[in-house]
Amino acid sequence: MSNSTQIIQAGLKKRYAKEKRFRLYGLISIIISFAFLLTLLTSIFSKGLPAFQQSYVKLDVELDAEVLGISRDSSENEIYSANYSKVIDNGLRTMFPGVTGRKQKRDLKNIVSTSADYTLRDKIIKNPALIGTKQSYWFLAKDDIDVFMKGNIDRNLPESDRRIKDYQLVWIDQLLAENRLEKRFNTVLFTNGDSREPEQAGLKGAIVGSIFTMLVTLLLSFPIAVAAAAYLEEFAPQNNRWVDMIEININNLAAVPSIVFGLLGLAVYINFFGVPRSTPLIGGLVLTLMTLPTIIIASRAAIKSVPPSIKEAAVGLGASRVQTLFHHTLPLAMPGILTGTIIGMAQALGETAPLLMIGMIAFVAEVPGSILDPATVMPVQIYLWSDSPERAFTERTSAAIMVLLGFLVTMNLVAILLRKKFEQRW
Amino acid sequence: MSEIITTIPGINTAPLESANVKPSVETRSEFDVEINGTVGKPLIKNPKMSSRNCDVFYGDKQAIFNVDLDIGNNEIIAMIGPSGCGKSTYLRVLNRMNDTIPICRVTGQHTLDGEDIYGKKQDPVLLRARVGMVFQKPNPFPKSIYDNVAYGARLHGLASNRSELDDLVEASLIKAGLFKEVKDELQKPGTGLSGGQQQRLCIARAIAVDPEVILMDEPTSALDPIATANIEELMDELKESYTIAIVTHSMQQAARVSQRTAYFHMGKLVEVNDTDKVFTNPEHQLTENYITGRFG
């Protein structure tokens, strides 16, 4: 072997060792990242899954016309405002006679949620013929009962350290023995808007609010961004000072803290243009400003990557510049544009700070019916629930996070499908 | 060894003449020869397209110097010359493709059928429908073969219903010599064809718009010899109905297909003549140097 070969051979062992170490570092990095991701997902899922179940209590109620104060022939209004609370109260007292003292009586009523009255009312309204009969219904249990059922209140602690007192434990044990207390799938989470009572709190308001806000954002930001990118790439004069300044500003806007857009929304949209506060409309307008730079930058890169030979062929056949853009450039740039849009929309879906100034960080109990109704969005709902003191909100916060993640995954899937549809090979 | 060689007839092994002898014309440097105007017949009667005093600038750099040239009706004119001599630039002047390059400036008078094509009233979109172009690298759209050929017709509204469009597509593909090979696969993507087929597809696409002039910028330089022969045969048929101007690097191709040949050198038009004359008895020294292979 020549001298050079000997030198090379001597150094080979070290080189291979270096490479092995580098690959090991890479593998360790991936494992660490995965570990973090797994920890995050596990903690969220383990905390959130119990929220998809809710405790219900079965009560026998006597729908006495006298107690209710109405009869089968009463008007709709009268049926609406009858005394359902007393009926439920009576049902509970019948099951647990011998309850004395104001505190105990109040705690007895608090076995079921305050929504029990309305549940009963809705049943009677649907079928007034039930008046005068005895029925058994399942009612939503109060959040303390629910928390106990999910094992978060330790009955072995001294009574003064628990929210559930000993007499309440007696009632719960009796209900369990009579199979009157069970856990079911928590539909309330998806049918109700927000509420102060945890067992009645749902995500429907936030989900609908998010959908409306995202719709407004998408419908505004997508065309504006694509048009701006197309103009800057195809029609704007090159090497022009003003055009360069516009480009620099757009790139910088992508890095501006999002709360600034909220301030802008307050100053311009609300104060100057009088757009109603707390609505998906204003939320969408503010988030549009935030996502525009992201989509513009991605679209410009996609449009730039369309091969000029295709554009030349179109121009050579007599297509005008705008026709070339719409017939050839944009369809070929769609995969890249859609990727930018997904990233922008995913960012907008999770944003809370810009919505602070425009009034969407608020307790909104009703489900919005249009983009002009007061609404809140999913990340805001998560924040509000995480701030609430009741124990039952802990699991609901995690459940809301899971729903938000599900949203994101669905949005990504839709965009990937769209992208596959547009992808062509040339 | 030399004894064997001297006995073979025809080989001269006499010693070289002395270095004091003046070198013959053939070995003088190309830069010693001047270009004073275009020799030959650049101008003809009743041309289809004509240029006078054509100058083209890319920013401050001038690419074409004072070119006067006529292109006759139903003829094939070949433009030859070394790399970078401006023949493609001149070709693109004829259908205003240089408009797409912002720093490019074209001056001079250019006409199609006597009308100024750079006039304020002239619409470049309409011009490009009358003067079509085929490019060096085949560039079919990433659509089906049918949609490729139909694109120009749809763009300009040349067919009023689907069956008319079908007929137009079929006729164009037949004229381009491609129909037989693809008639059962019109919905397949145009990019799935071979190189030669793609170029014929591009020609069919250009023909479908019913142009009067077809400009071809080195159409066969990216193709194999058999595909090249197909396209050259096609050009011969096409000249019955269209005027064709072709830029080519291959002198053999120019000799095979064209009736007149124009030789460009460093942005200047050196010589224009009937093809036979250019290749057997060129008038200008530079032309002779080029065709005999002194430089490329």
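Q: Which domains does the assignment give for chain A?
A: Bounds here come from an automatic or database domain assignment. For chain A they are domain 1 (55-185) and domain 2 (204-422). The centres of domain 1 of chain A and domain 2 of chain A, taken over C-alpha atoms, are separated by 47 Å. Keep in mind that this is a predicted model: local features need pLDDT of at least 70, side-chain atom pairs count only at pLDDT 80 or more, and totals for chains, interfaces and linings use all residues. Residues are numbered from 1 along each chain as its sequence is written, while chains are lettered from A and ligands numbered from 1 in the order in which they are written.

Q: How many residues does each chain bring to the contact?
A: Two residues are in contact if their C-beta atoms, placed from the backbone, lie within 7 Å. Chain A gives 16 residues and chain B gives 20 residues. On the side of chain A that touches chain B, helix 14 of chain A has the largest share, six residues. That side divides into seven nonpolar, eight polar and one charged residues (Ala, Val, Leu, Ile, Met, Phe, Trp, Tyr, Cys and Pro count as nonpolar, Asp, Glu, Lys and Arg as charged, the others, Gly among them, as polar).

Q: How many helices and strands are in chain B?
A: Helices (H or I, at least four residues) and strands (E, at least two) are DSSP runs, numbered from the N terminus. Chain B holds eleven helices and eleven strands.

Q: In what order do the four strands of the open sheet in chain B lie?
A: Strands of a sheet pair through backbone hydrogen bonds, either parallel or antiparallel. Two strands pair if DSSP finds at least two bridges between them. In chain B the order is 3-2-5-6, with antiparallel pairing. Strand 3 (61-72) and strand 6 (115-116) of chain B are at the edges with a single partner strand each, so one side of each has no neighbour in the sheet. Strand 2 (residues 47-58) and strand 5 (residues 104-112) of chain B are joined by eight bridges; B:Val56, for instance, has B:Val106 as its bridge partner.

Q: At what angle do helix 4 and helix 5 of chain B cross?
A: Two packed helices are described by the angle between their axes and the distance between the axes. The axes of helix 4 (residues 145-156) and helix 5 (residues 162-175) of chain B cross at roughly 110° and come within 9 Å. Axes are lines fitted to C-alpha atoms, for helices over the stretch in contact, and angles run from 0 to 180 degrees between N-to-C directions. Helix 4 of chain B is therefore roughly perpendicular (65 to 115 degrees) to helix 5 of chain B.

Terms used. Parallel < 35°, antiparallel > 145°, perpendicular 65-115°, else oblique.
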